[in-house]
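Please open the structure in your viewer and keep the selection tool at hand. The tour below goes from stop to stop, saying what to select and what is there.

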Amino acid sequence: MPRSFARSKANTDNSELAFTDSLTGLGNHRRFVDKIERLISDRADDPAPFALGIIDLDGFKPINDLFGHKAGDDILIQVAMRLHASMDSYSTVTRIGADEFAFLYPMVFSEDAAAEKARMLVEILSAPYDVGTRTARLSASVGCSLFHSGDETTDVLIHKAETALYSAKRSGRGAVVVFSQEMEEAAKRVTRIEQALRRAVSAGDVEPYFQPIVDLRTRRTVGFETLARWTDPDLGSVPPTTFIPIAEERGIIGALSQLVLRKAAQAALDWPDDLFLSFNLSPSQMVDQNTGLNILSVLGRVGLNPRRLDVEITETGLMSDPISAGKAIDDLRSSGIRVALDDFGTGQSSLGRLRDFQFDKLKIDRSFVATMLADRPSEHIIRAILAMCDGLGVDVIAEGIEQEAQAERLRQFGCVWGQGYLFGRPASAGATLSGLRETLRARA
Ligand code: C2E
Ligand code: MG
Ligand code: MG
């Protein structure tokens, strides 16, 4: 039992309570800050390093939802007891947020030693928890920072540990990261991109580019995929693989998506109306209840028929919250929008997704197409996907076709649609329209 529980009530004055977390009996955020401040002043004359860290429980919210809040509290108390039991007499552990704990190791002097200590805590927290008659498992991510010189403040040390924790969280569950200078640079760069992107989105400076999707039998264009393009005056051209994840993390994706969709839908009005427009949705948009309505309202304002729109989603977008994602897919489909599963074959449990959700199209990931001529397994996988989709009544688009031989082989296998540099690179709205006019003229 944490120390403060064992104290008698009479000894616990108000100031003590202000430093205590009432659920677990550990110190709270104020205690953590106070301990760091004291340690910094102790080290004024003798600046030996020390380590601190923040522990964040991975996936605690679903556990709370699944087992109930009472069980959630019980687990937090068990976490507190395990952490407390693992501290030596110099060290402190506190609870600084709902599912966040923090520790201070005055006698840990190096990055490696801090990481080792943190890994031990992750290990301790990974053992099963008793929840009534059931057991639950948790993992934890940890970000650490070290005090090295006299001029680091408490705020700086906590900020560094948070930056490291953020990086640990991004790399998956159960990771330990110790703050480094490169991480600071990377974090600053992300913030710079975020700020520039916010400005670009409100100024309307992100453009849709369009890449043709063709019928592999006739080579005629049947539609275009919208790919967002952004050039910042200072940062230069930033690829979507960089700015889309940042937009997602920093809550800009909704506004960005509306802007790009509006411009793309406007461009599509000038195309022959048997051509469809395909638009990528981010995973976080699949759990947002308003996504369907937002898309329909953009199409309504522009005047593009929802039957001309495909949305592309990835398996990651289905996995975080399958129930909301399923509802979003049903909403979109009931308004005439078709739903395509993008980058198929790169995610997890792909086959189950095809049974659980109703898709109109599936896009075979570029990695299979790139290796299909040289690599038997890729060829077999492509053929199996085509056979399976044929049975399910799902249309297939092969992505990333760069060579004539790939296109020909895919056609022989019965793949009807394809996309890739062989047929066209992503191009601006203007270039796309000129291209279409040329084709129409040539046909006339
Ligand atoms: P994606 O949806 O899988 O898009 C296909 C990517 O493959 C595009 O990269 C495209 O330019 C590239 N590509 C197409 N054909 C070929 C080929 O023959 N060879 C090679 N090597 N690459 C090819 P891009 O434009 O860099 O986009 C990357 C990803 O960013 C997209 O992958 C999509 O997930 C995301 N993205 C782009 N625009 C948007 C957007 O407006 N919203 C959202 N949520 N995501 C977007
Ligand atoms: Mg796509
Ligand atoms: Mg793709």
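## First stop: a buried glutamate

Select E152, which counts as buried because its relative accessibility is 11%, where buried means under 20% relative accessible area, exposed over 50% and partly exposed in between, with a 1.4 Å probe and protein chains only. Before going further, note that this is a predicted model, in which local features need pLDDT of at least 70 and side-chain atom pairs count only at pLDDT 80 or more, while totals for chains, interfaces and linings use all residues. Residues are numbered from 1 along each chain as its sequence is written, chains are lettered from A and ligands numbered from 1 in the order in which they are written, and side-chain values use heavy atoms, with hydrogens and water left out.

E152 sits in the loop between β6 and α7; helices (H or I, at least four residues) and strands (E, at least two) are DSSP runs, numbered from the N terminus. Show the neighbours of E152 as well: leaving aside residues up to four places away in sequence, E152 touches I40, L146, F147, L157 and K160, a contact being heavy atoms within 4.5 Å. The side chain of E152 also reaches the backbone nitrogen of H148 at 2.7 Å.

## Second stop: helix α3

Next select residues 29-42, which form helix α3, with 14 residues. Its buried residues are R31, F32, D34, I36, L39 and I40, and they pack against α2 (14-18), β1 (50-58), β2 (92-97), β3 (100-105), β6 (139-147) and α7 (154-170). At the start of α3, look for N28, where a side-chain oxygen comes to within 3.1 Å of the backbone nitrogen of R30.

Now select ligand 2, a magnesium ion coordinated by E225 (OE), N280 (OD1), E312 (OE) and D342 (OD) at 2.0 to 2.3 Å. D342 bridges this ion and the magnesium ion that is ligand 3, and the two ions lie 3.8 Å apart. Because E225 lies in strand β9 (residues 221-232) and D342 in strand β13 (residues 338-344), the pair ties together parts that are 117 residues apart in sequence. Both E225 and D342 are buried.

## Last stop: ligand 1

Finally, select ligand 1. An oxygen atom of ligand 1 is 2.9 Å from an N or O atom in the side chain of E225, and a nitrogen atom of ligand 1 is 2.8 Å from an N or O atom in the side chain of S282.

Notes
Expected span 1.5 Å × (residues − 1). Polar contact = N/O pair within 3.5 Å; in protein donor to acceptor, adjacent residues only side chain to side chain. Donors = N, O, S within 2.8 Å, 3.2 Å for Na, K, Ca; no water.
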